[in-house]
Amino acid sequence: MIPTIVLVGRPNVGKSTLFNRLTKTRDALVADLPGLTRDRHYGRGIGASQPYLVVDTGGFEPHTDSGILKAMAKQTLQAIDEADAIIFLVDGRQGVSPQDMEIANRLRRSKCPVLLAVNKTEGMQKAVVSADFHELGLGYPLSISSAHGEGVRDIVELALENFKEVEDEPVTDYTGDRIPKVAIVGRPNVGKSTLVNALLGEERVIAYDEPGTTRDSIHIDLEKNGKHYTLIDTAGVRKRGRVFEAIEKFSVIKTIQAIEEANVVILVVDAQEGITEQDAHVAAYILDAGRALVVAINKWDGLKEDERDWIKREIDRKLQFLDFAEFHYISALRKKGLPELFKSVDVAYKAAFAKLATPQLTRVLIDALQQHQPPISKGIRPKLRYAHQGGSNPPIVVIHGSHVDGVKDAYTRFLEKTFRRTFQLSGTPLRVEYKQGH
Ligand code: GDP
Ligand code: GDP
């Protein structure tokens with residue numbers, strides 16, 4: 001499981017500044033893709049010894065009369081409960097405030113480790129500033145500056161200390177083939193449960209774990225046309241064939257954990273609601289995580305012609321950055337479009353694990369270079385020489401050359417498109433990375 005670090009603190013202590021610093025680079029890639037609003041609170045942390053999820057709990061308005069905890073959104077309190085580590089930010093220039101005390105009292109009840117970050121301490125006597133904050137009773141205050149990056153890396157590594165990454169062994173079936181892990185994600189009520197049930201049909205179903213907390217998903221063994229899949233079902237608890245009480249609590253962290261664990265993600269969207277901001281944020285996270293993706297536009301039944309045109313325009317406008325993925329217009333309720341959907345899952349899975357040989361990659365690179373040279377940057381034209389594959393799911397193409405720092409994002413995207421087209425990698429993001437040679 002990818003570790004989750006949750007940023008907590010009263011308004012203006014610097015949470016979103018820290019969030020932006022921790023998630024910046026990839027976000028920048030996504031941010032200039034059209035159709036995506038910038039107001040994200042969930043991001044993939046980078047620049048540490050392992051990937052992690054950062055949650056910024058900002059965005060709540062404190063009411064002076066009712067206390068800050070009441071003002072914290074439900075989602076904030078849920079994020080605190082689901083965290084692996086909490087970074088509690090306070091303002092080193094303002095000292096301890098009553099709101100800090102109130103939050104500290106709540107955090108001391110939390111089961112997970114809390115790191116106390118005294119922010120805005122650039123240019124200040126660290127020992128003097130942080131001395132004040134011992135009274136919060138949350139251990140040693142650590143001085144940082146989110147704006148300048150001081151102490152930020154250290155505090156993240158401390159937060160991750162107990163969560164050293166263990167590579168999952170791929171699960172295989174009796175023939176030795178890997179079993180694809182397919183996560184079904186989407187907002188509440190888009191039709192995930194209905195889709196899971198429709199996929200399972202009369203097939204044998206084994207749910208092989210029960211969720212412990214809201215952030216756990218159910219894993220289901222699915223056999224389709226002689227092939228095995230593991231469905232990662234984020235929809236909640238259900239029992240087939242009888243009435244049950246859904247104790248679902250929508251959890252973004254659960255959704256993100258499922259995305260991280262999966263090979264292929266089915267993103268379910270409600271055609272009757274259009275593309276919401278939350279849909280776009282989840283989609284952006286899938287892209288950040290590099291997962292293969294199939295988009296299911298559900299509840300296609302019962303839509304009139306003009307409504308269908310409208311949703312297609314919505315998709316063009318808001319999900320343009322998913323141009324690598326197949327879109328399917330389905331009805332989970334009427335079981336329409338499901339075989340085609342799963343065909344795309346197979347295609348995406350295959351693409352995610354495609355083997356790309358060095359000679360072919362290099363030939364495609366050289367053809368691309370002949371079409372368009374990388375633009376000159378600071379007076380020097382980057383020189384790209386050869387390419388090899390550096391990973392799978394997503395496929396990573398590593399290009400060796402000189403002055404590679406000067407390659408522009410737009411040029412990288414041109415190369416990504418070229419590789420994807422030539423190798424017919426439909427359904428998976430593809431990453432191009434550079435390695436500086438001489
Ligand atoms: P949030 O409400 O907790 O998300 O706080 P913001 O990240 O929006 O920051 C609030 C204000 O503090 C902004 O004006 C930031 O520029 C400023 N700020 C954030 N981090 C630092 C820091 O490390 N040093 C200084 N001097 N200012 C900071
Ligand atoms: P979940 O919260 O994403 O698991 O959503 P559910 O599967 O519980 O579905 C929410 C509601 O949407 C239920 O009332 C379903 O019957 C309905 N629904 C699901 N799929 C479809 C569909 O393809 N067409 C229509 N019209 N309704 C659907």
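1. In which order do the strands of the open sheet of three strands stand, and with what kind of pairing? In this predicted model, the order is β14-β15-β16 and the pairing is mixed. The edges of the sheet are formed by β14 (383-391) and β16 (431-436), each of which pairs on one side only. Direction ignored, neighbouring strands of this sheet are turned by 30 degrees against each other on average.

2. Strand β14 runs antiparallel to strand β15 (residues 396-402), and seven bridges join the two. Within β15, Val397 is the residue that stands opposite Gln389. A helix is also placed against these strands: α12 (residues 358-371) lies across β14 and β15, and runs at about 140 degrees to β14.

3. As to the protein overall, it contains 13 helices and 16 strands. Of its 438 residues, 41% are buried. Counting contacts between residues at least 6 apart in sequence, 73% join residues that are at least 24 apart.

4. Which strands pair with β7 in the parallel sense? One is β10 (residues 227-233), which pairs with β7 over four bridges. Another is β11 (residues 264-270), where the parallel pairing with β7 is also made over four bridges. Ile184 takes part on both sides: Asp233 stands opposite Ile184 in β10, and Ile266 is the bridge partner of Ile184 in β11.

5. Helix α8 (residues 252-261) deserves a separate point. Eight of its 10 residues are buried, and the helix is therefore largely enclosed by the rest of the structure. The buried residues are Val252, Ile253, Lys254, Thr255, Ile256, Gln257, Ala258 and Ile259.

6. The largest nonpolar core comprises 111 residues, of which Phe88, Leu267 and Ala296 touch the most other members. Helix α9 (residues 277-289) gives the most to this core, namely eight residues. With neighbours within four places in sequence set aside, the contacts of Phe88 are Val8, Gly9, Ile103, Leu107, Val114, Leu115, Leu116, Ala117 and Leu138.

7. Which residues come nearest to ligand 1? They are Gly14, Lys15, Ser16, Thr17 and Ala147, out of 16 residues around this ligand. Helix α1 (residues 15-31) supplies the largest share of the shell, with three residues. By class, the shell around ligand 1 holds three nonpolar, 10 polar and three charged residues.

8. Ligand 2 is surrounded by 16 residues, and the closest are Gly191, Lys192, Ser193, Thr194 and Leu333. Here helix α7 (residues 192-200) gives the most to the shell, with three residues. The shell around ligand 2 divides into five nonpolar, eight polar and three charged residues.

Key: Residues numbered from 1 in each chain as written. Chains lettered and ligands numbered in written order. Predicted model: local features only at pLDDT ≥ 70, side-chain atom pairs only at ≥ 80, totals over all residues. Buried ≥ 20, exposed ≤ 12 C-beta atoms within 10 Å, placed from the backbone. Contact = placed C-beta atoms within 7 Å. Near = placed C-beta within 6 Å. Nonpolar A, V, L, I, M, F, W, Y, C, P; charged D, E, K, R; others polar. Core = buried A, V, L, I, M, F, W, Y, C linked by C-beta atoms within 7 Å. Pairing = 2+ DSSP bridges. Axes fitted to C-alpha atoms, helices over the stretch in contact; angles between N-to-C directions.
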